[in-house]
There are 2 protein chains.
Amino acid sequence: MIDIRQMRYFVALAETLHFGRAAERLHISQPPLSRQIAALEKELGVRLLERGSRRATLTHAGRRFLEDARAVLAAYDQACRNARLADLGELGELSIGFMMHAAYTVVPRLTRRFVDKHPLVRIELREAVPSLLVDAVLAGRFDAVITFDPGPMRGVAAHRLHEERLCLALNPGHRLAGKAAVGPEDLPGEPLIAAPAEAVPTLHDAIVRYFRSGGIEPSFRLEAQLQQTVVSLVAEGLGIALVPASMSRIGYPDVVFRELEDAPSVAHVVAWRPANLNPALRPFLAEAGVPGM
Amino acid sequence: MIDIRQMRYFVALAETLHFGRAAERLHISQPPLSRQIAALEKELGVRLLERGSRRATLTHAGRRFLEDARAVLAAYDQACRNARLADLGELGELSIGFMMHAAYTVVPRLTRRFVDKHPLVRIELREAVPSLLVDAVLAGRFDAVITFDPGPMRGVAAHRLHEERLCLALNPGHRLAGKAAVGPEDLPGEPLIAAPAEAVPTLHDAIVRYFRSGGIEPSFRLEAQLQQTVVSLVAEGLGIALVPASMSRIGYPDVVFRELEDAPSVAHVVAWRPANLNPALRPFLAEAGVPGM
DNA sequence: CGGATCCATACCCGTTCGGTATCATGATCG
DNA sequence: CGATCATGATACCGAACGGGTATGGATCCG
């Protein structure tokens, strides 16, 4: 059987055209080299070098085999290197799911940092509503997801990435637009626009709790899954909304944002299945600041 | 050192995900396979399979390595196959020089037959005047050349490919255009157009000998290297010419061809240096009908 | 809980590889 | 033109490695 070693030997010999010097370069003595080359030629059934007494010359077949052997060796080295890189999580694929809102907060910077440090990992970024994300990570559809903190869950670990207060989004003509800060007691009966509990439970719950802390029951009027849609509907004068403060940084016309007294906050987390064996997950979590990664 | 064999073993194992079955497919028993795989993993420093008690599964790094190992094996097989093909002259390069005139006689068919039978040999076809061709073959510039027979030469073998008679090319208004056949005695003083002796010695000599066989000295008026040019000059009425009969098959306007009495003939030969080691030369010569090739 | 399945380990033997010593051959030089 | 040198091939030896059989340990299944 022809060996990688024999190819290495042949390439060294073809490059020096001198058995002694080639053997030296290979850190073996000359006779084994002669024998290995002879064995290679015999195995191939092809004479690769013409031995002159002063120097050897490649035959046509030898020239051809030199090129091909170099290609084999390159592929071989590549394969070994890639296996190690893949094991370290520096090479491979990583699929990340995230709620659309995170595209305005942590996703861009985190992605940028990760791809800068791990350029060989292909990242697949997919947007989804938060309630689907955690199920997807459990099902193995995503290696990690970025979403509002869903609380503790079996088989899923999570790490807090980002926290922001909710604020009030109003149409500029609204009666509360003149106030600097607003509390729950200012809001009874106000038509609310918010994401449905089934799609974004964490945020929905935070809003309900905030209202109830002031002894008030919220009255939801319109539902939309994305915060961007919610704010657009506010701009249209269809109601008010409690949205993450980062939404105020986007330049929406016909919307003003007001602080809430004792504003509730929502956290972004990165969540993953600890049993997930994708080696690229670890560097990603490290980049996200997860301790011990 | 990681071995081609270990890669083969790994691919077989990755394809069956079963040590016993993979070993069977490899015609070895299971323990050596286990050991080789373990050695491979140790060498790489990477776990490639997760051994379940019922079946094994590839790790991410293992999946990657499977792809790369397949690529290595493919390159390896390719290299071995190519070496054998190159040695048989079925793969490689062949440079053929030929006189332009042969493009109308033997070159097209010979080339077609050769490329049909030996599709992996890249042929480099180069036109040149006959006097340069034989020097070029001696210098190694061409592996073989096709030209008028230059006679025996040191270090060059030749084989006759094709023989054709010379005929007379005339302007239709010429006084001899009415004769069916012409002999040397009809030609004294006629202004001749022909290739120069330095460029096409064989043909030039044949023409001179033919005239002298009738006791006449030829009077050369114009010289051009290519037979096509010679005939074009005849069409223009600048003189007469003795050209290979195959020129008459090309539809030149304003030229008529007449047979010569006791017409001299010129041979096309393929010529090569017997010391030439290009394996592709032999099949080419075989295709050209050279005996013993 | 017992048997079956499957991979890992232990041990043996034959092959192969690399090393040293030496030979055959062709180039080089006085 | 013959002595010398350089180079690759061959002979032989000891160590390493690969493959084989026997067996152990873990897990799954009925």
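## Overall dimensions

Chain A has a radius of gyration of 32 Å, whereas a compact globule of 293 residues would have one near 19 Å. The radius is taken over C-alpha atoms, and the globule rule is 2.2 Å times the number of residues to the power 0.38. The C-alpha trace of chain A spans about 105 × 40 × 25 Å along its principal axes.

This is a predicted model: local features need pLDDT of at least 70, side-chain atom pairs count only at pLDDT 80 or more, and totals for chains, interfaces and linings use all residues. Residues are numbered from 1 along each chain as its sequence is written, chains are lettered from A and ligands numbered from 1 in the order in which they are written, and side-chain values use heavy atoms, with hydrogens and water left out.

## Fold and surface of chain A

Chain A holds nine helices and twelve strands. These are DSSP runs (helices H or I, at least four residues; strands E, at least two), numbered from the N terminus. Take the contacts in chain A between residues at least 6 apart in sequence: 72% join residues at least 24 apart. Contact means heavy atoms within 4.5 Å.

Of the 293 residues in chain A, 49% are buried. Buried means under 20% relative accessible area, exposed over 50%, and partly exposed in between (1.4 Å probe, protein chains only). The accessible surface of chain A is about 13800 Å², with 51% belonging to carbon and sulfur atoms. Areas come from the Shrake-Rupley method with a 1.4 Å probe; for residues, only the protein chains shown count as cover.

## Interface between A and B

The contact draws 31 residues from chain A and 32 residues from chain B. About 2600 Å² is buried between the two chains, 67% of it from carbon and sulfur atoms. On the chain A side, His60(A), Arg64(A) and Tyr76(A) lose the most area to chain B, together 19% of what that side buries. Buried area is the accessible area (1.4 Å probe) that two parts lose on being put together, summed over both.

## Loop residues

His27(A) sits in the loop between helix 2 (19-26) and helix 3 (30-44) of chain A. Its phi is near 60 degrees, a positive value in a residue other than glycine. Most residues other than glycine have a negative phi. His27(A) is exposed, at 72% relative accessible area.

In chain B, His27(B) lies between helix 2 (19-25) and helix 3 (30-44), again in a loop. Phi of His27(B) is near 60 degrees. His27(B) counts as exposed at 71% relative accessibility.
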